[in-house]
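Please keep the sequence and the model in view while reading.

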Amino acid sequence: MSKSKLDLTGRLKKKKWKKRFKLFFILLIGFILSSLVFNVFIRLPINTNHSVDGILVLGGSIRREIYAAQIASQYEYQEVPLIVSQGSKPPCIKLIFQREQARMDKVWIEQCAYSTFDNFFFSVPLLQKHGVHKVKVITSQSHLPRAKWLSYIHLGAKGIAVEVDTPKEKGVPGNHESDLKTFLDVTRSLMWAGVSQIIQPPCFEVTPLEAVNLTEWYEKGFNCEYQGGLSRVGSQNPRRTVGDGVAHSGLSEQF
């Protein structure tokens, strides 16, 4: 076969692959857009009228976890899945739920997130597995409006309605908001809203609250945020000594 024929064959193969790639790209974009349109304009309005059947707690203040435990103890939320996204240490959360006499069988602690964006990035797929329609997002007043915008974008892109709830805080949580941070998180969230139609990021650090072993944690030792008021609950630990209690900083309780 002559060199010219080989070149022609090669060019034809390249054209075929380019056409296939373009077709695949067009179909992919079409699928993403159609999925977004269906979720935002059809599913979301329907789910807005649905009762809350999922709870997401954004880490950052133990007051949020206390509030979530109080909600979980209410009858209407007995069967609602609850996810605490990168909050306090697992034993602190379990002590809170024990004190509030809240159920723990449908509570999970997600420890993959390291930012507000990550809270939704990793937790939304977990909520989807439970087939939720409307999620109560628990955050702090000082965490708005970023948490509110991100919840609307990440959950709304999946057709899941949002109800933002903020407990009363004592003092100011450690995280601070800035317009630049809000802008950057909203921008990448809008980009992720499309990509999330085809990708579900896994989190391999999800622990059922029931599985948290307090005995093991007492042996290792741990600190809880002082506002949790867990010293009385923690005093049930037989290995705790008289010297234990409020840390020197005054911001945490040591067990």
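## Conventions

Helices (H or I, at least four residues) and strands (E, at least two) are DSSP runs, numbered from the N terminus. The model is predicted, so local features need pLDDT of at least 70 and side-chain atom pairs count only at pLDDT 80 or more, while totals for chains, interfaces and linings use all residues. Residues are numbered from 1 along each chain as its sequence is written, and side-chain values use heavy atoms, with hydrogens and water left out.

Phenylalanine 21 belongs to helix H1, which covers residues 3-48. Its relative accessibility is 56%, so phenylalanine 21 counts as exposed (exposed is over 50% relative accessible area, buried under 20%, partly exposed in between, with a 1.4 Å probe and protein chains only).

Phe21, Phe25, Ile26, Ile29 and Leu33 make a nonpolar surface patch of about 520 Å². Patches consist of residues with over 30% relative accessible area and no salt bridge; like charges are joined within 9 Å, and nonpolar side chains (Val, Leu, Ile, Met, Phe, Trp, Tyr) within 5 Å. Accessible areas come from the Shrake-Rupley method with a 1.4 Å probe, and for residues only the protein chains shown count as cover.

## Salt bridges

Side chains of opposite charge can pair when their charged atoms come close. A salt bridge is counted when a side-chain nitrogen of Lys or Arg is within 4 Å of a carboxyl oxygen of Asp or Glu. By this rule there are six salt bridges.

One of them joins glutamate 163 and lysine 136, at 2.5 Å from N to O. Glutamate 163 lies in strand S5 (residues 161-165) and lysine 136 in strand S4 (residues 134-138), so the pair ties together parts that are 27 residues apart in sequence. Lysine 136 is buried because its relative accessible area is 5%, whereas glutamate 163, at 29%, counts as partly exposed. Lys136, Glu163 and Asp165 are linked in a network of salt bridges.

## A pair within helix H6

Helix H6 (residues 179-195) holds both arginine 188 and aspartate 185, three residues apart, about one turn of the helix. These two residues form a salt bridge in which the closest N and O atoms are 3.1 Å apart. Aspartate 185 is buried, with a relative accessible area of 5%, while arginine 188 counts as partly exposed at 36% relative accessibility.
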